Every structure is written in C-alpha cells, then in structure tokens.
Amino acid sequence: MILTIEEAREALRIDGPDNDVIIIPLVEAIPNYLKVTTGTSWAGVENPLVKVAAKFILQLWYFPQNEDAARLQRTIDSLIITLSAEARELMNG
C-alpha cells in the first residue's frame with residue numbers, strides 16, 4: 001500500500017475513522033491507477049514523489065466537485081509524467 005489510512009486521513013484533513021469506508025477503497029485503488037498510468041508498479045517502493053502523487057489523486061477522487069479539481073488534475077498529470085520518466089530510467093538503468 002502506498003498510503004496508510006492515517007496518511008490518507010491527513011491528506012484529506014479528516015479526523016477519525018468515520019469516513020474510512022469511503023477512503024480505504026480509494027487508497028487501495030491508487031497503486032493500480034499508478035501502474036496503469038506510469039507502466040510501473042510503485043507498491044512497496046519508497047519514493048516520496050509516489051506518496052505526493054497518491055495524496056493528490058486521493059484528494060481529487062474524494063472531493064471530485066472541488067473548485068480546485070482542474071488544478072489538482074494538472075498537478076497529477078505532471079507527476080504522472082515525471083514518474084513515467086523515472087520508471088523508464090529505472091528500466092534502462
């Protein structure tokens with residue numbers, strides 16, 4: 001898992017487990033999303049950029065109607081491009 005439930009709650013600025021039923025499936029979906037979008041499995045890889053991307057993805061998915069959704073999507077797209085380049089570099093390494 002890329003994010004713990006505590007990290008996810010912190011990223012969403014949510015206290016307590018009341019929304020865990022919504023948050024946990026989203027957190028569990030992030031590794032597959034990153035694998036599909038970058039071509040690399042980041043699960044179990046300690047990479048701060050992966051955690052940052054995961055937090056932004058979680059925020060977008062949890063608050064899809066947020067006024068900052070477009071800005072979040074642009075940020076996520078940039079992070080995906082960077083992670084894809086890192087993945088290619090690791091493979092050619």
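Predicted model: local features only at pLDDT ≥ 70, side-chain atom pairs only at ≥ 80, totals over all residues.
Visitor: What is the reach of α3 from its first C-alpha to its last?
Guide: Helices here are DSSP runs of H or I with at least four residues, numbered from the N terminus. α3 has 15 residues, and the expected span of a helix is 1.5 Å times one less than its number of residues. The expected value is 21 Å, and the reach of α3 is close to it, at 21 Å.

Visitor: Which helices do the buried residues of α3 pack against?
Guide: Buried means under 20% relative accessible area, exposed over 50%, and partly exposed in between, with a 1.4 Å probe and protein chains only. In α3 the buried residues are Val50, Ala53, Ala54, Ile57, Leu58, Gln59, Leu60 and Tyr62. They pack against α1 (5-12), α2 and α4 (69-92).

Visitor: Which backbone nitrogen does a side-chain oxygen of asparagine 47 reach at the start of α3?
Guide: Asparagine 47 sits in the loop between α2 (20-38) and α3 (48-62). A polar contact is a pair of N or O atoms within 3.5 Å; within protein, one must be able to donate a hydrogen and the other to accept it, and residues adjacent in sequence count only if both atoms are side-chain atoms. The side-chain oxygen comes to within 2.8 Å of the backbone nitrogen of leucine 49.

Visitor: Is asparagine 47 buried or exposed, and which residues does it touch?
Guide: Asparagine 47 has a relative accessible area of 13%, so it is buried. Contact means heavy atoms within 4.5 Å. Not counting residues up to four places away in sequence, asparagine 47 touches Trp42, Leu83 and Glu86.

Visitor: How are α3 and α4 oriented to each other?
Guide: Axes are lines fitted to C-alpha atoms, for helices over the stretch in contact, and angles run from 0 to 180 degrees between N-to-C directions. The axes of α3 and α4 are 9 Å apart, at an angle of about 150°. Angles under 35 degrees count as roughly parallel, over 145 as roughly antiparallel, 65 to 115 as roughly perpendicular and the rest as oblique. α3 and α4 are therefore roughly antiparallel.

Visitor: What is the handedness of the crossing of α3 and α4?
Guide: Residues of α3 that meet α4 include Leu49, Val52 and Phe56, and those of α4 that meet α3 include Leu72, Ile76 and Leu79. A crossing is left-handed if the near helix is turned anticlockwise from the far one by less than a right angle, and right-handed if clockwise. The crossing of α3 and α4 is left-handed.

Visitor: How are α2 and α4 oriented to each other?
Guide: Tyr33, Leu34, Thr37 and Thr38 in α2 meet Ile76, Ile80, Leu83, Ser84 and Ala87 in α4. α2 passes α4 in a right-handed crossing. The angle is about 70°, with the axes 9 Å apart. α2 and α4 are therefore roughly perpendicular.

Visitor: How does α2 lie relative to α3?
Guide: Among the α2 residues that meet α3 are Ile22, Leu26 and Ile30. The crossing of α2 past α3 is right-handed. The two helices pack at about 130°, with their axes 10 Å apart. That makes α2 oblique to α3.

Visitor: Which phi does arginine 13 have?
Guide: Arginine 13 lies in the loop between α1 and α2. At 76% relative accessibility, it counts as exposed. Although arginine 13 is not a glycine, its phi is positive, at about 60°.

Notes. Residues numbered from 1 in each chain as written. Heavy atoms only, no water.
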